[in-house]
Amino acid sequence: MIVVIKKNQEQKQVDNLINWIKDLGLNVHLSEGENTTIVGLVGDTSKVDIDLIRTLDIVESVTRVQEPYKNANRKFHPADTIVDVAGHRFGGDNFQIIAGPCSVENEKQIIEVAEAVKKAGATLLRGGAFKPRTSPYSFQGMGVDGLKLLKKAKAETGMPIVTEIMSEEYIDDFDGVDVMQVGARNMQNFDLLKRLGKLKTPILLKRGIAATVEEWLMSAEYIMSEGNPNVILCERGIRTYETYTRNTLDLSAIPVLKERTHLPIIVDPSHALGISRFVKPMCLGSVGAGADGLIIEVHNDPAHALCDGAQSLRPEQFEDVVNCVKGMLPVVGKRMDR
């Protein structure tokens with residue numbers, strides 16, 4: 001349920017309304033804009049007398065929200081949420097590019113790639129320390145040692161780091177990680193989502209391989225309902241009957257999400273397509289569809305990568321993509337940090 005407060009009302013009256021709502025056992029989500037104040041009621045609103053609230057002098061309107069996600073709903077929070085990662089802002093008119101290798105392989109590799117992508121225009125560094133793989137015999141990542149190398153690359157380049165967390169047991173090891181990524185396979189790992197919701201660290205939430213938009217937003221709701229508002233959604237393709245690409249990149253999800261949620265949305269064309277030569281056109285398509293950023297796999301030697309070399313760009317290819325993206329951003333009213 002959403003209660004819209006009239007302009008220029010006394011704060012004491014607003015506080016009295018909020019306290020009354022809380023006394024009914026409901027949670028309150030407050031969104032204050034320049035012209036309106038919105039009070040979102042979260043919980044069992046069947047006990048709330050809508051007609052009574054409508055009669056209050058300070059209330060402009062009352063609306064029931066049908067969607068099951070509340071905190072992530074744009075009706076509760078009309079303005080775009082801005083997620084700040086070490087001074088790099090996701091959402092609104094901001095655009096960020098995250099880049100780096102699929103997996104951390106050794107110190108030389110991760111630092112060399114980090115320096116290359118930063119020079120080309122990336123604002124954050126990605127790299128997998130823990131790698132969920134379909135086969136138990138595939139390279140699973142360096143684990144905690146990989147995290148240490150990522151942090152060393154961060155110290156060397158000054159770039160914030162983004163990496164995937166697969167289990168609650170490693171949360172302490174992620175101290176110093178700027179963005180924790182929840183992969184497609186863990187999108188509905190609700191225990192993990194609730195635990196991450198107790199943090200303030202920004203969470204990059206990837207869409208599950210067969211998840212609907214509503215299921216994806218409900219996963220974001222799990223994180224937000226525990227108190228962490230810093231969620232960045234990531235479209236990375238869904239499983240369809242098509243076999244020419246690894247997944248089908250659902251760019252139509254971007255305008256749909258922009259209508260339904262205030263959370264920033266970025267796109268991962270590397271995992272979606274699985275083929276490096278298709279990454280550039282999908283990056284440009286993502287910008288045109290309204291994405292707030294990209295996460296792109298870049299490797300200094302893709303032919304010998306331990307993981308997903310076929311979808312990784314070489315540094316010079318990545319630089320070309322960044323330059324083309326920068327040329328498109330003014331058309332869609334967005335800008336990069338630099």
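Is Cys283 buried or exposed? I started my notes with that one, keeping in mind that this is a predicted model.

**Entry: the cysteines**

I looked up Cys283 and got a relative accessible area of 0%. Buried means under 20%, so Cys283 is buried.

For Cys283, the nearest cysteine sulfur belongs to Cys324 and lies 9.7 Å away. A disulfide needs the two sulfur atoms within 2.5 Å, so Cys283 is in no disulfide.

I checked Cys324 as well, and that residue is in no disulfide either. The nearest cysteine sulfur to Cys324 is that of Cys283, at 9.7 Å. Cys324 has a relative accessibility of 26%, which I logged as partly exposed.

**Entry: helix 6 and helix 7**

Then I turned to a helix pair. Helix 6 covers residues 213–225 and helix 7 covers residues 253–260. How far apart are their axes? I noted 11 Å, with a packing angle of about 50°. The crossing of helix 6 past helix 7 is right-handed.

Which residues meet there? From helix 6 I listed Val213, Trp216 and Leu217. On the helix 7 side I found Ala253, Val256, Leu257 and Arg260. Sorting the residues of this contact by type gave me six nonpolar, one charged and no polar.

Conventions: Residues numbered from 1 in each chain as written. Predicted model: local features only at pLDDT ≥ 70, side-chain atom pairs only at ≥ 80, totals over all residues. Heavy atoms only, no water. Axes fitted to C-alpha atoms, helices over the stretch in contact; angles between N-to-C directions. Helix = DSSP H or I, 4+ residues; strand = E, 2+ residues; numbered from the N terminus. Left-handed = near helix turned anticlockwise from the far one by under 90°. Contact = heavy atoms within 4.5 Å. Nonpolar A, V, L, I, M, F, W, Y, C, P; charged D, E, K, R; others polar. Buried < 20%, exposed > 50% of the residue type's maximum accessible area, 1.4 Å probe, protein only.
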